[in-house]
Amino acid sequence: MSLSKLLSTKIILASKSPRRKQLLEQMGFDVFVEPIDVEETFPENIDIEDVAEYLAMKKSENYTKELGDNSILVTSDTIVVVDNIILGKPQNEQEAKEFLRMLSSKTHKVITGCCLRNNHNKTRHFSQKTIVKFKDLSQGEIEYYVNKFKPFDKAGAYGIQEWIGIMGIENIQGDYYNVVGFPCNKFFDLAKEITE
């Protein structure tokens, strides 16, 4: 498949994340946002590392509009896992600060699940894992970040591209963009597969 043909594919992004939209546009795609509301529940017995992929697939199944030719539906979910506990999006300021205290001085996993589906119901799904290590965050640093950046739409209550990530992350193993919110490299390869 030629690059120009791939990049002419219309991406239907069923997500409210402005970061996912921005990353897909930076990759060269035309992106149309159509968020769907799906209860983000999952079976109790599921492996914790499979949760994000399960939720991405669940979102895809709940998108019932017809897809046009040369278009791909993209659904995604990101979780942060520390000490075998899933940190989703914080509900309020207090919970955001609590999440960051849990991440301080520790290594955690950022797992993004992604599902691609075309108008012939050809589907690809995967998850990407990145390992991130925070330095010891002071209470003052946590409060400054939460009060100024209000990270309530971010799993784990932080954005790696924001102040807390720039000054607080000691080490990262894996895909940086996965932590921003979308595993671009892996997505690009599967988008080629699904449009062939």
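1. Basis. The model is predicted: local features need pLDDT of at least 70 and side-chain atom pairs count only at pLDDT 80 or more, while totals for chains, interfaces and linings use all residues. Residues are numbered from 1 along each chain as its sequence is written, and side-chain values use heavy atoms, with hydrogens and water left out.

2. Helix H4. Helices (H or I, at least four residues) and strands (E, at least two) are DSSP runs, numbered from the N terminus. Buried stands for under 20% relative accessible area, exposed for over 50%, and partly exposed for what lies in between (1.4 Å probe, protein chains only). In H4, the buried residues are Ala96, Lys97, Phe99, Leu100 and Leu103. They lie on the same side of H4 because they cover an arc of only 155 degrees around the axis; the arc is that of the directions from the helix axis to the C-beta atoms. These buried residues of H4 pack against E3, strand E4 (85-87), strand E5 (107-118), strand E6 (123-134) and H5. Contact means heavy atoms within 4.5 Å.

3. Helix H5. Helix H5 spans residues 139-149, and Glu141, Ile142, Tyr145 and Val146 are its buried residues. Their arc around the axis is only 120 degrees, so they sit on the same side of H5. Helix H4 (93-103) and helix H6 (163-168) are among the elements that cover the buried residues of H5.

4. Cysteines. How many disulfides does the structure hold? The count is 0, a disulfide being a pair of cysteine sulfur atoms within 2.5 Å. For cysteine 114, the closest cysteine sulfur is that of cysteine 115, at 7.4 Å, which is too far for a bond. Cysteine 114 is buried at a relative accessible area of 0%, and cysteine 115 is buried at 2%.

5. Largest pocket. On a 1 Å grid over the protein atoms alone, a pocket is an open set of points with protein on both sides within 12 Å along at least five of seven lines, whereas a cavity is a set where a 1.4 Å probe fits but cannot get out; lining residues have an atom within 4 Å of a point. The largest pocket holds about 700 Å³ of space, a volume being the space filled by probe spheres set on the points, which are joined across faces, edges and corners. Helix H2 (18-26), helix H3 (51-61), strand E3 (71-82) and helix H7 (176-180) are the elements that give two or more residues to its lining. E3 provides the largest share, 5 residues. The lining has 34 residues, and Arg20, Glu40, Lys59, Asp77 and Lys89 lie nearest the centre of the pocket. By class, 16 lining residues are nonpolar, 8 polar and 10 charged. Ala, Val, Leu, Ile, Met, Phe, Trp, Tyr, Cys and Pro count as nonpolar, Asp, Glu, Lys and Arg as charged, and the others, Gly among them, as polar.

6. Valine 74. Valine 74 belongs to strand E3 and is buried, at 0% relative accessible area. Leaving out residues up to four places away in sequence, valine 74 touches Ile11, Ile12, Leu13, Ala14, Cys114, Cys115, Phe182 and Phe187.

7. Valine 38. Valine 38 lies in the loop between strand E2 (30-33) and H3. Its relative accessibility of 18% counts as buried.
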